[in-house]
Amino acid sequence: MSKAGGGPGSAPGPTAAAAAAAVQKQKSLLQKADADISSLVDNFSSLINIARVTDPPVRNSQEAFQMEMRAARMVHSADSLLKLVSELKRTAIFSGLASLNENVDRRIEVLGQQAEGTERTLERIGQEAAASLKELEAHYYSSVVRSPSL
């Protein structure tokens, strides 16, 4: 199970490119989250400032319109944050599966190496046992007393 781009001195492989893309995506998601949260806070602050009760009816209708606009912007920012959370969940699930697959591949490779080592050890033990058995047989057949006399 050879992985491309893993050797020293080789060009960056798919793993390096994926890591760079993940870092770039993380930066863009953090910037988007910061912008949405700032917008949400700014619009909420403005909404609270506009919510003062004043006497002139024209002023109240202007304030009502501004409040509606600020509320709509807050809803837009909140919706954007919800989409961001959904995207982060999706990314976490898929990247979790990718890392799980990598861990499974590594574990398969390690277990394969252990199986090969075990087979070599068993083969060596079998050869040693066969050699010891031949030596014991030779010693037995060359001995004077092969069976007890009654």
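Helices here are DSSP runs of at least four residues, numbered from the N terminus. Keep that in mind as you click around this predicted model.

**Stop 1: Arg124 and Glu128.** Select these two in helix H2, where they sit four residues apart, about one turn of the helix.

**Stop 2: Asp79 and Lys83.** Stay in helix H2 for another pair set four residues apart. Lys83 is exposed, since its relative accessible area of 54% is over the 50% cut-off. Asp79, at 37%, is partly exposed.

**Stop 3: Glu87 and Lys25.** How many salt bridges does a search of the whole structure find? It finds three. In this one, Glu87 pairs with Lys25, with 3.7 Å between the closest N and O atoms. The pair links distant parts of the chain: Glu87 is in helix H2 and Lys25 in helix H1 (residues 14-50), 62 residues apart.

**Stop 4: Ser77.** Is Ser77 buried or exposed? It's buried, because its 3% relative accessibility is under 20%. Ser77 also belongs to helix H2, which covers residues 57-142. Beyond its neighbours within four places in sequence, look for its contacts with Asp36, Ser39 and Leu40.

**Stop 5: Tyr140 and Tyr141.** Finish with the one aromatic pair in the count. The two ring centres are 5.3 Å apart and the planes meet at 70°, so Tyr140 and Tyr141 are edge-to-face. Tyr141 is exposed at 54%, while Tyr140 is partly exposed at 38%.

Methods:
Residues numbered from 1 in each chain as written. Predicted model: local features only at pLDDT ≥ 70, side-chain atom pairs only at ≥ 80, totals over all residues. Heavy atoms only, no water. Buried < 20%, exposed > 50% of the residue type's maximum accessible area, 1.4 Å probe, protein only. Contact = heavy atoms within 4.5 Å. Phe/Tyr/Trp six-rings, centres within 6.5 Å; stacked < 30°, edge-to-face > 60°. Salt bridge = Lys/Arg side-chain N within 4 Å of Asp/Glu carboxyl O.
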